[in-house]
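My entries follow in the order in which I made them.

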Amino acid sequence: MTRNESAVSPRNRFRGGAAAPYEDPCLPVAERVEDLLGRMTLEEKAGLMFHDRAAMGPDGQFVDGPEPPLWGRLVRDMVENLAMNHFNLVGDAEPQEIAAWHNRVQEVALSTRLGIPVTLSSDPRHHFTENWATSARARGFAQFPETTGFAAIGDEVTVRQFADLVRREYLAVGIRVALHPQIDLATEPRWSRTSGTFGEDADLTGRLAAACIEGLQGEALGPHSVAAMTKHFPGGGPQKDGEDPHFPHGREQVYPGGMFDLHLAPFRKALEAGTSQMMPYYGMPVDTDMEAVGFGFNKGVITGLLREKLGFDGIVCTDWGLVNDMAFGPARAWGVEQLTPSERALKVVEAGCDQFGGESTPDLLVELVRTGRLSEERIDTSVRRLLREKFVLGLFENPFVDVDAAASTVGTAEAVDAGRTAQSRSVTLLKNTDSLLPLAPGTRVYVEGVDPGTAAAYGIVVATPEEADVAVLRLDTPYEQRTGPLERFFHAGRLAFDADELAPVLDVCARVPSVVDIYLERPAVIPEIADAAAALVGNYGTGDAPLLDVLFGRQAPEGRLPFQLPRSMADVEQQRPDVPGDGTDPVFAFGHGLTY
């Protein structure tokens with residue numbers, strides 16, 4: 001089914017009848033908001049304040065059945081029975097499939113009493129990381145390095161162009177809210193969310209964050225924008241022991257170096273750039289003058305700092321799962337675990353948040369109002385913000401997307417080439433003994449971790465190190481394998497290679513001059529490899545061909561480290577989690593990078 005823009009009210013096509021004032025695009029947005037707000041029941045208002053996950057299967061199966069996904073309800077149930085109309089699309093699919101599914105969801109929404117269209121959001125889906133809680137792999141979409149790769153390039157123009165491409169591809173499939181950029185500072189080397197950041201430097205992060213928001217939203221939020229939900233206010237990087245607050249053992253956020261304001265600095269730049277939305281993190285600040293509760297519950301941070309001091313009047317949406325226990329773990333109600341779900345919901349709203357991420361229990365808000373613990377006027381304040389964005393984005397006029405156009409708009413050859421170029425540009429050359437790189441065409445190469453067929457287009461692939469002129473080895477940053485349906489996707493803990501992992505790498509390096517490439521998902525501890533390798537490079541999400549383009553001189557490396565690479569785990573453990581560059585005698589410093 002193909003849908004195009006139409007002057008006919010989409011709701012009237014499904015429900016019939018005369019158009020209401022809120023459906024008139026000629027009226028001012030504020031007037032339309034008040035008209036619609038005045039028509040809404042308390043239940044409909046409450047539904048607007050919940051933003052849950054939605055999964056699509058073949059042929060849109062999670063709209064109508066047969067089974068709900070692991071975490072909750074069917075989309076149709078949430079729209080028709082809970083009055084919800086904000087959903088976070090999880091998982092990957094072909095762009096044309098997403099567009100068709102989106103249109104089916106919109107048909108359900110437009111068939112409801114007021115015909116309020118759905119706002120569809122997404123975590124990043126233009127990179128390499130696949131973690132259903134934080135990102136989706138770039139299936140059908142152009143693939144670029146992780147955000148740290150853009151930090152390695154360090155160029156605002158490149159980030160703005162990338163974000164504009166994301167905007168166009170999101171619009172084509174119906175995604176109108178980006179659950180990014182993530183602008184936390186990566187000051188704790190062990191933190192599992194590092195690859196989604198712009199690195200450890202506050203100034204660089206602020207500049208690139210602003211460029212990203214400008215690319216997503218344009219000069220002003222409007223019908224051709226994707227709203228940016230910038231995260232994680234007021235900075236989610238300084239996690240105790242590098243553990244992530246998705247999990248109870250990572251709930252504490254610490255500032256032993258007194259660097260709270262440094263972590264806040266990029267968010268000031270995001271506000272200057274006009275970010276439409278903000279997401280606070282799960283973390284619970286400890287040993288500070290702030291209330292020791294998760295930031296989504298923290299009135300001093302959300303209302304006192306973000307709203308009153310910094311002047312933000314946009315949408316604040318909590319991170320996912322603060323109120324109710326989930327199938328895969330407890331609610332992330334850090335500091336308020338003893339409260340009931342109803343009491344937690346009240347604390348979130350009183351803190352100044354407008355929307356509950358990853359939840360589908362609007363009955364909690366209805367009950368709070370009915371029992372007099374929460375005023376409907378407070379609900380109206382958040383609903384106004386949420387409705388305003390829907391009107392400004394033009395969703396009431398054009399809720400559908402053109403499915404056929406999505407197939408030809410997303411993942412074009414030009415976009416794929418741009419992604420490949422960015423992957424190559426981000427590669428960071430850390431060491432190049434005797435100018436081993438770039439390699440000459442036809443070099444005899446032994447490869448591990450590289451597709452031999454791809455390598456054969458650059459050199460002569462041989463079976464053993466002894467036959468080779470050069471070995472090319474691709475490695476991943478080490479991590480501790482965690483258990484659990486969610487935590488297994490979060491790479492945390494150790495950063496150093498153990499003896500069994502080092503031995504084969506050092507053996508090859510001893511037998512033939514070797515180029516070692518490491519995926520710097522987090523700052524790897526690599527002193528032994530740095531000593532043994534003839535050439536050493538780091539990547540932040542780079543395919544074999546874009547890497548080989550650099551190694552064989554078709555593209556010069558431009559990347560500079562967005563964080564320092566520590567010398568030992570002992571050094572990592574003594575670093576203060578909120579202080580950038582706090583290691584002593586790093587193997588490679590922040591900003592290091594060679595070229596040719």
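**Entry 1: the mixed sheet**

I began with strand E15 (residues 514–519) and strand E16 (residues 535–539), which pair in the parallel sense over 5 bridges. Two strands count as paired if DSSP finds at least two bridges between them. Helices (H or I, at least four residues) and strands (E, at least two) are DSSP runs, numbered from the N terminus. I noted that this is a predicted model, in which local features need pLDDT of at least 70, side-chain atom pairs count only at pLDDT 80 or more, and totals for chains, interfaces and linings use all residues. Residues are numbered from 1 along each chain as its sequence is written, and side-chain values use heavy atoms, with hydrogens and water left out.

I looked up Val516 and found that its bridge partner in E16 is Leu536. Helix H20 (residues 544–551) packs on the sheet and touches strand E14 (470–476), E15 and E16. Contact here means heavy atoms within 4.5 Å. The direction of H20 makes about 135 degrees with that of E14. Axes are lines fitted to C-alpha atoms, for helices over the stretch in contact, and angles run from 0 to 180 degrees between N-to-C directions.

I then listed the whole sheet: 6 strands, open, in the order E11-E16-E15-E14-E12-E13, with mixed pairing. Strand E11 (428–432) and strand E13 (460–461) are at the edges with a single partner strand each, so one side of each has no neighbour in the sheet.

I followed strand E12 (residues 444–448) both ways. E12 pairs with E13 in the parallel sense over 2 bridges, and Arg444 stands opposite Ile460 in E13. E12 also pairs with E14 in the parallel sense, over 4 bridges, and there Val447 stands opposite Val472.

**Entry 2: the parallel sheet**

I found an open sheet of 8 strands in the order E9-E7-E5-E4-E3-E2-E1-E10, with parallel pairing. Its edge strands, strand E9 (315–316) and strand E10 (356–357), each pair on one side only. Strand E1 (residues 50–55) runs parallel to strand E2 (residues 86–90), and 4 bridges join them. Ala54 stands opposite Leu89 in E2.

**Entry 3: Gln355**

I located Gln355 in the loop between H12 and E10. Is Gln355 buried or exposed? It counts as buried, at 1% relative accessibility. Buried means under 20% relative accessible area, exposed over 50%, and partly exposed in between (1.4 Å probe, protein chains only). Leaving out residues up to four places away in sequence, I found that Gln355 touches several residues, including Phe50, His51, His86 and Leu386.

**Entry 4: H12 and H13**

Helix H12 (residues 341–351) and helix H13 (residues 363–370) pack at an angle of about 80 degrees, their axes 9 Å apart. H12 and H13 are therefore roughly perpendicular (65 to 115 degrees). H12 brings Pro341, Ser342, Ala345, Leu346 and Val349 to the contact, and H13 brings Leu364, Leu365, Glu367 and Leu368.

**Entry 5: helix H2**

In helix H2 (residues 29–39), I found Arg32, Val33, Leu36 and Leu37 buried. They lie on the same side of H2 because they cover an arc of only 130 degrees around the axis, taken from the directions from the helix axis to the C-beta atoms. On the other side of H2, Ala30 and Gly38 are exposed. The buried residues of H2 pack against helix H3 (42–48) and helix H14 (376–392).

How values were computed: Angles under 35 degrees count as roughly parallel, over 145 as roughly antiparallel, 65 to 115 as roughly perpendicular and the rest as oblique.
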